[in-house]
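Visitor: I would like to learn how to read a protein model, feature by feature. Could you walk me through this one?

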Amino acid sequence: MHDRCASGLDRCVGRPARAGARNADRARSLSARCAPAGHAWHYCRRVPFPACRREVEAPAKIDALIEPRWIAPVRPAGALLQGHAIAVDRGVIQAVLPAAAASGLYAARNVVRLPDHLVVPGLVNAHCHLDYTSMAGEFPPPTSFTDWIKLITAAKAGWSYSDYAESWLTGAKMLVQTGTTTVADIEAVPELLPEVWEATPLRVYSFLELTGIKSRRDPHAIVQQATDNIEALQFGRCRCGLRPTWPAASTRACAWC
Ligand SMILES: [Zn+2]
């Protein structure tokens, strides 16, 4: 037995049919998670997934309602939603729900309609050297990997901290503009942290580079210094770690750190 609500969504009001029992279980689970936001999830045999509905009458005030043409959600895998909206408040997604229902459930300060856009989860860049962004296109195509490394090393010798910072931030801006929200970045100049972290909305995992070619320093001293740097670095969404490196770029002991 079904009832049509004011927002146009079908909702179940009777006992769950046998075929809908699995959806009903999922709805109960989702309702428990959504309770703080005043949401409840209702199952229905007519729709593929439980629909999210607020139990209170007054529309909830939120920062934004985004209505793209398509949404590719993380879950369920492989789904492509049409006619759906994303409710966002204080930088956090509150719900992904049918657009027809969203306007009745939320009073958004800003409605963003994107009739030609696909919204996807934030991309993850798993290996990046933000420090070196400004070197892009500066060198002729190298004949070998070691020649390429030599070019980079020579260029770095003339760079100041300001050059590195500007290069880092340029790279971070490029990532944000192309849909990346998380980056694993190899950091050659840990002195830039955490200031550059604070200057970007990215979630950054900075892996400190452990190289000792020039200085011929004691590998254990290099590791200790990097560990001290990591312990001293604290900043909300960003994290720091050591970069496992490769033998040609470091002393033998450091290569297995
Ligand atoms: Zn790399």
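Visitor: Which residue is the bridge partner of T182 in β12?

Guide: R203 of β12 is the bridge partner of T182. Strands here are DSSP runs (E, at least two residues), while helices are runs of H or I with at least four residues, and both are numbered from the N terminus. This is a predicted model, in which local features need pLDDT of at least 70 and side-chain atom pairs count only at pLDDT 80 or more, while totals for chains, interfaces and linings use all residues. Residues are numbered from 1 along each chain as its sequence is written.

Visitor: How many bridges are there between strand β11 and β12?

Guide: Two strands pair if DSSP finds at least two bridges between them. Strand β11 (residues 180-187) is joined to β12 by six bridges, in the parallel sense. Another of the partners across these strands is L208 in β12, which bridges to E187.

Visitor: In what order do the four strands of the open sheet stand?

Guide: The order is β10-β11-β12-β13, and the pairing is parallel. At the edges are β10 (123-128) and β13 (239-242), and each has a single partner strand, so one side of each has no neighbour in the sheet. From one strand to the next, the twist averages 15°; such angles run from 0 to 180 degrees between the N-to-C directions of axes, which are lines fitted to C-alpha atoms.

Visitor: And how are those edge strands attached?

Guide: On one side, β10 is joined to β11 by four bridges, with the two running parallel, and N125 stands opposite V183 of β11. On the other, strand β12 (residues 203-208) is joined to β13 by four bridges, again parallel. You can find R239 of β13 as the bridge partner of Y205, and C240 of β13 opposite S206.

Visitor: Let us turn to a helix. How far does α4 reach from its first C-alpha to its last?

Guide: Take 1.5 Å times one less than the number of residues and you have the expected span of a helix. Helix α4 (residues 161-177) has 17 residues and reaches 24 Å, close to the 24 Å expected. After α4 comes G179, whose phi is positive, near 90°.

Visitor: Which residues in α4 are buried?

Guide: Count the other C-beta atoms within 10 Å of a residue's own, with C-beta atoms placed from the backbone: 20 or more means buried, 12 or fewer exposed, and anything in between partly exposed. In α4 the buried residues are Y164, S167, W168, G171, A172 and L175. Viewed down the axis of α4, these buried residues fall within an arc of 135°, so they line one face of the helix; the arc is that of the directions from the helix axis to the C-beta atoms. S162 and Q177 are exposed, on the face turned away from the buried side of α4. As for what the buried residues of α4 pack against, it is β10, β11 and α5 (195-198).

Visitor: Why does I230 count as partly exposed?

Guide: I230 has 18 C-beta neighbours inside 10 Å, so it counts as partly exposed. You will find I230 in helix α6 (residues 219-232). A contact means that two C-beta atoms, placed from the backbone, lie within 7 Å. Leaving out residues up to four places away in sequence, I230 touches L208, C240 and G241. I230 and L242 are twelve residues apart in sequence, and their C-alpha atoms are 8.2 Å apart in space.

Visitor: Where does P194 lie, and what should I look for there?

Guide: P194 is in the loop between β11 and α5. Look at the peptide bond from L193 to P194, which is cis with omega near 5°. The bond from R75 to P76 is cis with omega near 0°, and P76 lies in the loop between β5 (60-71) and β6 (81-82).

Visitor: What is the average pLDDT of the protein chain?

Guide: pLDDT is the predictor's confidence in each residue, from 0 to 100. The protein chain averages 79, and 70% of its residues score at least 70. Over residues 1-20 the pLDDT is below 50, and this stretch has 39 contacts in the model beyond near neighbours in sequence. Where pLDDT is low, predicted coordinates should not be read in detail.
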